[in-house]
Amino acid sequence: MISEGLRTAFELLVSFDWEIYQIILLSLVISLSATLAAGVPGVLFGILVSIGRFKGKRLVKVLLFTSMGVPPVVMGLIVLLLAIGPLRPLDLVFTRTAMFFAQFLLVLPIIAGSIVISSEKTQVRVLETATTLGARRKHKVGLLVRETKPFIFMSLILAFSRAIAEVGAVMLVGGNIKGETRVMTTFIAMNTSMGQFGTSIAMGIILLFVAFLIHLALSRFRRDFYG
Amino acid sequence: MVRLKNVAVEYPALRIAYEDALFLQNAVTVVTGRNGSGKTTLLKAIGGLIAHEGEIEKSGFATIHFQDPVLFDRSVYKNIVYPLEIRGRDARGYEKRILEYARLMGLKEKLHENAKNLSAGQKMKTSILRSVIFEPEILLLDEPTTYLDIESIEELKTLVCKLKEKMTIILVCHDQAFNEAVADEVYHVGG
């Protein structure tokens with residue numbers, strides 16, 4: 001079945017079927033844009049939680065780490081309830097915007113949480129050092145972002161990997177409409193439910209190949225991270 | 001100059017009280033005391049990094065050099081001039097001093113290497129130079145001989161003796177020979 005999947009994957013790619021390329025493109029656009037959009041608030045929140053000294057910090061971290069594990073389908077449900085409830089006038093149900101919004105919310109805690117987990121100690125020490133050298137707030141912010149760069153990069157990679165691979169949220173809020181909101185993961189889920197395992201495996205292989213190409217491209221820019 | 005008056009630091013399960021003292025300018029004061037007696041805490045309190053009770057009067061800016069220093073992801077030179085940059089001072093005006101200190105500490109050949117690639121001892125020396133290049137009025141050194149070899153400790157002795165002409169130096173160090181060589185005063189912590 002795997003070899004059949006590989007053959008079908010190859011056939012799908014060389015068929016230049018617009019629907020397949022549209023699905024791949026939409027997956028990339030939604031996941032990348034959601035990751036990048038969540039990057040700014042996620043990184044800032046992660047840095048603030050790391051260096052902040054405030055009451056309830058432990059609770060904030062517990063909530064943040066918990067929300068890193070929110071099942072995509074639950075996030076999809078929350079966004080769907082918002083879309084048919086208070087945000088109904090925006091007409092978001094089964095739209096790409098809703099898919100973007102669901103993935104944005106899904107990866108936001110992943111970015112902030114992984115910044116805290118991976119670099120809290122580094123950030124605190126960088127800040128302490130900068131303070132002892134006489135740095136002011138404006139210098140510290142720039143320095144922290146620069147010194148946390150490898151961790152920011154790692155958190156964005158994690159977030160993108162989560163976004164591109166998730167199916168529950170985009171299925172619920174996007175509805176898997178052909179030519180509109182169908183992405184790679186919803187395409188796989190649909191074909192699997194119809195018993196077309198070969199096609200599912202083929203798209204799974206394409207999904208992995210696309211992720212591999214993205215990492216390959218990134219590795220040229222961040223040799224320090226990829227070694 | 002640093003003057004302590006009724007200074008104490010409170011931790012959740014510990015309160016450290018310090019005897020009143022005056023640390024003089026142009027002198028090196030070695031802080032002694034057992035492990036956990038509060039020597040580093042005193043440096044942090046003087047450096048303004050932790051809250052304290054009582055009064056700490058200082059003649060100017062106090063910078064701390066930590067036992068396990070953090071170097072920024074940039075060249076040794078750029079690490080050293082960082083305190084000048086943030087003060088808006090032109091590093092070119094400090095070239096002579098940078099080269100003099102770098103030569104003194106055996107770092108001249110490393111100035112353009114990324115600081116992250118240095119050995120532990122070289123990192124220590126870079127960090128010390130970064131702490132002193134802008135000539136703070138008060139220099140607080142926490143275990144500055146950690147990771148240093150015998151030659152480097154000798155270089156550090158020369159640097160400390162040179163720097164004390166311009167500043168108040170308070171240091172915590174477990175290297176007895178180093179302490180004896182540089183100390184003008186001794187302040188004991190922990191009764």
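The legends below describe a predicted model.

Figure 1. The C-alpha trace of chain B extends over about 45 × 35 × 30 Å along its principal axes. Its secondary structure consists of six helices and nine strands. Buried residues make up 40% of the 191 in chain B. Of the contacts in chain B with a separation of 6 or more, 75% are between residues 24 or more positions apart.

**Figure 2. The open, parallel sheet of chain B.** Five strands of chain B are arranged in the order β6-β7-β8-β4-β9, with parallel pairing. The edge positions are held by β6 and β9 (185-188) of chain B; each has a single partner strand, so one side of each is left without a neighbour in the sheet. From one strand to the next, the twist averages 20°. Helix α1 (residues 39-46) of chain B packs on this sheet and touches β4, β6, β7 and β8 of chain B. The direction of this helix makes about 150° with that of β8(B). Strands of a sheet pair through backbone hydrogen bonds, in either a parallel or an antiparallel sense.

**Figure 3. Strand β7(B) and its pairing with β6(B) and β8(B).** Strand β7 (residues 138-142) of chain B runs parallel to β6(B), to which it is joined by four bridges. Within this pair, Ala62(B) stands opposite Ile138(B), and Ile64(B) has Leu140(B) as its bridge partner. Five bridges join β7(B) to β8(B), again in parallel. In that pairing, Ile138(B) stands opposite Thr168(B). Five of the five residues of β7(B) are buried, so this strand is largely enclosed by the rest of the structure. The burial threshold is 20 or more other C-beta atoms within 10 Å of a residue's own.

**Figure 4. The two faces of β7(B) and β6(B).** In a regular strand the side chains alternate between the two faces of the sheet. For β7(B), Ile138(B), Leu140(B) and Asp142(B) lie on one side and Leu139(B) and Leu141(B) on the other, and all are buried, leaving both faces covered. Strand β6(B) is likewise covered on both faces: buried Ala62(B) and Ile64(B) are on one side, and buried Thr63(B) and His65(B) are on the other.

**Figure 5. Pairing of β4(B) with β8(B).** Strand β4 (residues 28-32) and strand β8 (residues 168-172) of chain B pair in the parallel sense over four bridges. Thr29(B) of this pair stands opposite Ile170(B) in β8(B).

**Figure 6. Contact between chain B and chain A.** On chain B, 13 residues are in contact with 13 residues of chain A. Both β6 (62-65) and α2 (76-86) of chain B supply at least two residues each to the side that touches chain A. The largest share of that side, three residues, comes from α2(B). By class, the side of chain B that touches chain A comprises eight nonpolar, two polar and three charged residues.

**Figure 7. Helical architecture of chain A and the crossing of α2(A) with α5(A).** Chain A contains 11 helices and zero strands. Its C-alpha trace spans about 65 × 45 × 25 Å along the principal axes. Of its 227 residues, 39% count as buried. Among contacts in chain A between residues at least 6 apart in sequence, 78% join residues at least 24 apart. The axes of helix α2 (residues 18-51) and helix α5 (residues 96-132) of chain A come within 5 Å and cross at roughly 35°. The crossing of α2(A) past α5(A) is right-handed. Residues of this contact divide into 21 nonpolar, 10 polar and two charged.

Figure 8. Lys178(A) is exposed, as 11 other C-beta atoms lie within 10 Å, and the cut-off for an exposed residue is 12 or fewer. A distance of 23 Å separates the C-alpha atoms of Lys178(A) and Val74(A), which are 104 residues apart along the chain.

Definitions and conventions. Residues are numbered from 1 along each chain as its sequence is written. Chains are lettered from A and ligands numbered from 1 in the order in which they are written. This is a predicted model: local features need pLDDT of at least 70, side-chain atom pairs count only at pLDDT 80 or more; totals for chains, interfaces and linings use all residues. Axes are lines fitted to C-alpha atoms, for helices over the stretch in contact, and angles run from 0 to 180 degrees between N-to-C directions. A crossing is left-handed if the near helix is turned anticlockwise from the far one by less than a right angle, and right-handed if clockwise. Ala, Val, Leu, Ile, Met, Phe, Trp, Tyr, Cys and Pro count as nonpolar, Asp, Glu, Lys and Arg as charged, and the others, Gly among them, as polar. Two residues are in contact if their C-beta atoms, placed from the backbone, lie within 7 Å. Two strands pair if DSSP finds at least two bridges between them.
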